[in-house]
Protein chains: 2
Amino acid sequence: MEIRKKRRICLVVAYDGTNYQGWQIQQNGNTIEAELNRALSALTKEPIEVSGASRTDSGVHARCNYAVFDTAVRMPGDKFSYALNQRLPEDIRVRKSYEVSPDWHPRKCSSKKTYEYRIFNDEFPDPLCRLYTHFTYTKLDTDRMNTAAGYLIGEHDFKSFCSIHTQTETTVRTITDLSVKKEGSLITIRVTGTGFLYNMVRIIAGTLIEVGNGKYPPEHIKEILQHCDRSCAGPTAPARGLTLVEYEFL
Amino acid sequence: MEIRKKRRICLVVAYDGTNYQGWQIQQNGNTIEAELNRALSALTKEPIEVSGASRTDSGVHARCNYAVFDTAVRMPGDKFSYALNQRLPEDIRVRKSYEVSPDWHPRKCSSKKTYEYRIFNDEFPDPLCRLYTHFTYTKLDTDRMNTAAGYLIGEHDFKSFCSIHTQTETTVRTITDLSVKKEGSLITIRVTGTGFLYNMVRIIAGTLIEVGNGKYPPEHIKEILQHCDRSCAGPTAPARGLTLVEYEFL
């Protein structure tokens, strides 16, 4: 029997996280990883397990998460996307697929990720935005939020912006860009960095909201960073407002 | 016993039509009208039946549909919106409520309605737009679509753009504005008129798509209008791409 050499395929995946318990396989509840494994195993007739780049939380969305898997199937790398999309639910789409070297893994690469946190700030929520924005009727001042955002750019110990359940060697991270934009009722917090702690973007969003609504002065961000204490920062903003929008390998 | 005089209240309603069998009450399946009646009857303890301005089809969305109802409840007109939103599902929101004169009805007024038909035109669908756009991977030429759109502006017999099931006195209608815009992968057909026939906007969208993909030359629109025959126009584009975005009383 011929033992065919395994190849490694990389997938670029977009999804609406509304109906999923996040990326990673769970005992209870459906996940993006489980859906990809199911579709790939059906396609290849092999027991495929993908390995993802970013393990997004329950309810979080993505325009470009990455995953890799190994297969002996001899389909051209770029054809997997078409074949998979036929087998995936409508809220998950493989935007691209291609062969990579057998030892390449997105989590072993230096990378820059960009997240957007979107807030719908009006008197009433818009039903057509509800799944992809966090709603608040308290008027937010985006000039104040932008001033506050400026203090977070650069290399800092983000311990105050990290969920207390986390176990990680260091809580120092680098944010390369962070801006707050307003278009009509929609406020978008866009943040780029080389690495993020658990719940970091949602805690940054929750804290910037407290600056925007007047609870904190923008300068208070400096004190929050200094205290290295999660309880000093604002609340963790809800998952539905968060989308992983860009992933760049350096 | 005091018989309290009934007042008429007008509602401005936005909804995500994905999970509804349209506006109008049906024997089977949930509708926007049924949800409003349920919430209003619970609020007022009266058997309320709203009367809507535009009876949108199954799966069609709205940013501003209108409805009126009569009640003896002495709540200030503008407070109904807040009370109703507490009782409505998240995909329906009353954006505004106010008292009108007891004989006012939106369907008795001259009005201008604006619809948007949104198309996601890329290699793969975007899961985060899927509920509010129609997806097509065939590259559409929006310059050609705009040329074609120009022939539809004005007063015409739109019989070719009307579902054959309809019963209506005249099929002459006036389109005051019709444009096709492209932003990235998103194409938006925006049409304003003083009245629309059954499925008219979706047939216009389906026909403009056939112009955009090269099946019809833009000038073919003139012939389609002249023939007054539904079978000459393009297919009825899917409901999910359609949103009633503006309603103006003249």
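Among contacts in chain A between residues at least 6 apart in sequence, what percentage join residues at least 24 apart? The value is 71%, where a contact means heavy atoms within 4.5 Å.

This is a predicted model, in which local features need pLDDT of at least 70, side-chain atom pairs count only at pLDDT 80 or more, and totals for chains, interfaces and linings use all residues. Residues are numbered from 1 along each chain as its sequence is written, chains are lettered from A and ligands numbered from 1 in the order in which they are written, and side-chain values use heavy atoms, leaving out hydrogens and water.

Chain A contains five helices and ten strands (DSSP runs, H or I of at least four residues for helices and E of at least two for strands, numbered from the N terminus). Its radius of gyration is 20 Å, close to the 18 Å that the globule rule gives for 250 residues, so chain A is as compact as a globular protein of that length; the radius is taken over C-alpha atoms, and the rule is 2.2 Å times the number of residues to the power 0.38. Along its principal axes, the C-alpha trace spans about 70 × 40 × 30 Å. Of the 250 residues, 55% count as buried (under 20% relative accessible area, with exposed over 50% and partly exposed in between; 1.4 Å probe, protein chains only).

One residue carries an annotation: an unreviewed UniProt entry lists A:Y115 under "binding site", and such annotations may be inferred rather than shown by experiment. A:Y115 lies in strand β5, residues 111-120. Its relative accessibility is 8%, so A:Y115 counts as buried.
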